[in-house]
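Please read the following walk through the structure with the sequence and the coordinates side by side.

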Amino acid sequence: MLAKIKEVLKEDKKCERKELPKDIKMRVEDFDLWYDKNQALKSVNLDILKNEITAIIGPSGCGKSTLLRSLNRMNDTIPSARTEGEIWLEGYNIYDGNTDCVDIRRKIGMVFQKPNPFPFSIENNVFYGCEVNDMDVDKEETVERCLKDAALWEEVQDRLDENALSLSGGQQQRLCIARALATEPDVLLMDEPASALDPIATAKIEDLIDDLKKNYTVVIVTHSMQQAARVSDYTAYMYLGELIEFDETEQIFENPEKESTEKYITGRFG
Amino acid sequence: MIPRRLKERLIKSMFFGIAAFSILIIFFIFVFLFYEAYPAIREFGSELFTSTSWNVRREEFGLLPAIYGSVFVTIGALLVSVPLGIGAAVYLSEIAPNKVRMVLKPVIELLAGIPSIVYGFVGAVILGRYLSNTFNLRGIHSFLAAMIILGIMALPIIVSMADDAMKSVPRDLKDASLALGATRWQTIRRVTIPSAISGISSGVIMGMGRAIGETMAVMLIVGGVMKLPVPFYNAFDTGNTLTALIAVQMGEAHGIIINVLFTAGVMLFVVVAATSIISDILQKRTKDRFEGKT
């Protein structure tokens, strides 16, 4: 009896695996998503390359944020969402029934459209992820490393115990990036991270994204084509829930294959 | 036909008048309470609040047992209603599927619509009798029964206000927590509840006001005996509260005793007004907290 239970428990831990090419961090395979009866993603296929910045662009409502939120299973928090297909992270299917969402989200960090720091002190904001995941790391060190990585250290080092809500919008967003870096994720998802910020703060965030590429794989959703052109190495263009075109950013912006892509990037619709 | 501008101004001053009238009424109640209470305070001084002996014939009016009783049942009621109320609010706002929430919330709020005399009746006849049989008490009256009933009576307001407070925590914050690998429970405990704490406390304090000011139910259950419980923490003992004292004595009161009862009324008024003001301030704090950020 006990042996059988052990066997079941062991089996449960097993999660669907397959080998991916070395340079691919995440692979989206025939992925569909419905909100009730509305299909928001239609059979999307996409490879996200390691240590590169992938931008997802497209007109409002094309499913780009939905796709991003699917990459760390944040759509699970929406009761009406239903999915089919697979998303692989380094050979593991994150949509396998046995996968632990909580674990996935630690490995795949996320930065939201609106800066959303917790109403705690700056250092507790950064350290939150480590705390909830019981990570055995030094608090001071982690806070300093992450704030430095997020190019915020200089501005806040003397007031780490102040409430995070006292920071400016741009600082808050960099704090959110620092917070996402603290759990040492492999991938960083960013959902229009600069859309609520002024041009100077936006420039800072864009520089930062470029720096992050050394250590992380970044996926960024943006409605600004200039931003996609400036920061990304690869660009995916989506329209009405379908992935229309995916290629190197230069290729997409200079020589798009599909007519729809061309129309969008030249500003003729969207 | 009145010109439009004049009409607008007339309506404005009419509403101002109505608002001013209600404030005026409160003001007059306040003044009247003090006016009526003053003779007793002048006559007996601090003895009113420190003496434990109450004897109408000998003109001994020690309110301490009733003051203590009010505090005692209120603390007990909060011990019942705070864990239950916050637990229910967490379930309603964070865990329950929408369909369950749509049924449960009105049902809990319905608890507030039950007349207090019915609570008192149920408390005395069913709960009081049950406690009496279980713990071998002398009668059906006890502080414990009053605490439980008051706790239940304070529930709807605590649940409702705590639920609103947690619902008003921006979704973004909860998402941020989940996206960092926190579980749902960690998110509730470390983000939702701390962020909503002002609103939750505000609900608890409102519930406390309800428990202090409740009369009919307590009167039927607590026993109406002017004495301190022995020992002082003995919830199985009987006693009295300020509200029940006023309700029972008022009918046949004359002379100075009326002034004594008004003193009890002043105390209740001040405490309940304070709870309501504190609750308001706390609620405003929750609002400021989230509206300050972009």
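In this predicted model, A:Met26 stands opposite A:Leu89 in β4(A), where strands are DSSP runs of E with at least two residues and helices are DSSP runs of H or I with at least four residues, both numbered from the N terminus. β1(A) and β4(A) pair in the antiparallel sense over 8 bridges, pairing being assigned if DSSP finds at least two bridges between two strands. Residues are numbered from 1 along each chain as its sequence is written, while chains are lettered from A and ligands numbered from 1 in the order in which they are written. Local features need pLDDT of at least 70, side-chain atom pairs count only at pLDDT 80 or more, and totals for chains, interfaces and linings use all residues, with side-chain values based on heavy atoms and with hydrogens and water left out.

Strand β1 of chain A covers residues 24-35 and is mostly covered, since 10 of its 12 residues are buried, a term that stands for under 20% relative accessible area, as against exposed at over 50% and partly exposed in between, with a 1.4 Å probe and protein chains only. β1(A) is also joined to β2(A) by 8 bridges, and these two strands run antiparallel; within this pairing, A:Ile24 has A:Leu49 in β2(A) as its bridge partner. The two strands form a hairpin with 2 residues between them, and A:Asp36 in the turn has a positive phi of about 55°.

Taken together, 4 strands of chain A form an open sheet in the order β2-β1-β4-β5, with antiparallel pairing. β2 and β5 (92-93) of chain A stand at the edges with a single partner strand each, so one side of each is left without a neighbour in the sheet. The pairing of strand β4 (residues 81-89) of chain A with β5(A) is antiparallel and rests on 2 bridges, and A:Asn93 in β5(A) is the bridge partner of A:Trp88.

What does A:Met26 touch, not counting residues up to four places away in sequence? Its contacts (heavy atoms within 4.5 Å) include A:Leu46, A:Ile48, A:Leu71, A:Trp88, A:Leu89 and A:Val187. In the largest nonpolar core, which has 49 residues, A:Met26 and A:Leu71 touch the most other members; such a core is a set of buried Ala, Val, Leu, Ile, Met, Phe, Trp, Tyr and Cys residues joined through side-chain atoms within 4.5 Å. Strand β2 (residues 38-49) of chain A gives the most to this core, with 5 residues. A second, separate core of 43 residues includes A:Met135, A:Leu152, A:Trp153 and A:Ile205. In soluble globular proteins, nonpolar side chains tend to be buried together.

At the level of the whole chain, chain A has 11 helices and 10 strands. Its radius of gyration (taken over C-alpha atoms) is 19 Å, close to the 18 Å that the globule rule (2.2 Å times the number of residues to the power 0.38) gives for 270 residues, so chain A is as compact as a globular protein of that length. Of these 270 residues, 53% count as buried.

In chain B, B:Ser70 lies in helix α3 (residues 64-95) and, at 7% relative accessibility, counts as buried. Leaving aside neighbours within four places in sequence, B:Ser70 is in contact with B:Asn240, B:Thr241 and B:Leu242, and the backbone nitrogen of B:Leu242 lies 3.0 Å from a polar atom of the side chain of B:Ser70.

Definitions and conventions:
A polar contact is a pair of N or O atoms within 3.5 Å; within protein, one must be able to donate a hydrogen and the other to accept it, and residues adjacent in sequence count only if both atoms are side-chain atoms.
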